[in-house]
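The sequence and the structure come first.

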Amino acid sequence: YQQLPNNSSWRFVDKAQVFTNPDNPFADVIRENIQIANIQSHVSNGDFVAAKIGDVDGTATPNNLVASDDRTAGTLLFDIQDRAVTAGETFTVNFKAADKAAGYQFTMNTTNLEVVDILPGEKMTTENFAVFADAITTSADDTNGEFAVTFRATAEGQLSEMLAVSSRITRALAFDGASKLNVAFRFNNGGNSTIAGQAFELYQNAPNPWVNKTQIGFYLPEASEAVLTVFDASGRILATQKGDFAKGYNAFTLDRKMVGVSSQLYYKVETATASAVKTMQQVTK
């Protein structure tokens, strides 16, 4: 099927529902909504169980970045004034999209920078942003693509080396109304400008911890060959995979049968020009 007939991609079932015949849950009316009357306080028991329709082999990972089509038609640039930064300095950085987009989202890595304040732009609020220890995520649509962030530097450096586009939390992606776009920063310094797109990144496997299968995502700035190596705490190599991948988001799938049983594993993805290592946890019971 190209589409799921008479169904949706996900179904959500009231977690509290008890089925009269667990072997045939369709004999009952499946409760897909919860009604709560006279709400006077926080609701703590409104839970659902999500089921991925069409997941015939049990490999769907809802918190993963996998997409069926990652081709992009161009790049949405955010202009930033580059500058030198001193340790302890508090300053404001203005971000301005070079072109209007129907919507965008991305993660911004903030190396040696603490977020002091978020200054949302037109048709935006602080809810369009989330602040992490070393990153900011943002997602917006129908805006002019302008906002500002006030930072405090914890070390000296050049701004263009302290801010970077990433997909490690929220995937970097924009839309012009007809097609997908990449996201990049354009740092301007006098009459010179430098475009910094998303660099090679290795993401945390998902799910983690995992039982039978997990996916290891990574981003390639250009199409290239990539090699996955999985090893245990002693450095013993347990599995390797190799493949030719396109520019953008890609993923290796790791099966329990490939690595055996080991509670803590390490994985490395490398190309001809970059590499990174992360740890993952396997459920052994």
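The sections below cover the basis of the model, the salt bridges and the exposure of their residues.

## Basis

This is a predicted model, in which local features need pLDDT of at least 70 and side-chain atom pairs count only at pLDDT 80 or more, while totals for chains, interfaces and linings use all residues. Residues are numbered from 1 along each chain as its sequence is written, and side-chain values use heavy atoms, with hydrogens and water left out.

## Salt bridges

Side chains of opposite charge can pair when their charged atoms come close. A salt bridge here is a side-chain nitrogen of Lys or Arg within 4 Å of a carboxyl oxygen of Asp or Glu. The whole structure has nine salt bridges.

Glu32 and Arg11 form a salt bridge, at 2.5 Å from N to O. Arg11 belongs to strand 1 (10–14), and Glu32 to the loop between strand 1 and strand 2 (48–52), 21 residues apart. Strands are DSSP runs (E, at least two residues), numbered from the N terminus.

In the salt bridge between Asp79 and Arg186, the closest N and O atoms are 2.6 Å apart. Asp79 is in strand 3 (residues 75–81) and Arg186 in strand 14 (residues 180–189), so this pair ties together parts 107 residues apart in sequence.

## Exposure

Buried means under 20% relative accessible area, exposed over 50%, and partly exposed in between (1.4 Å probe, protein chains only). Glu32 is partly exposed at 32%, as is Arg11 at 28%. Arg186, at 23%, is also partly exposed.

Another salt bridge joins Arg236 and Asp232, at 3.3 Å from N to O. Arg236 is exposed, at 51%, whereas Asp232 is buried, at 10%.

Conventions
Helix = DSSP H or I, 4+ residues; strand = E, 2+ residues; numbered from the N terminus.
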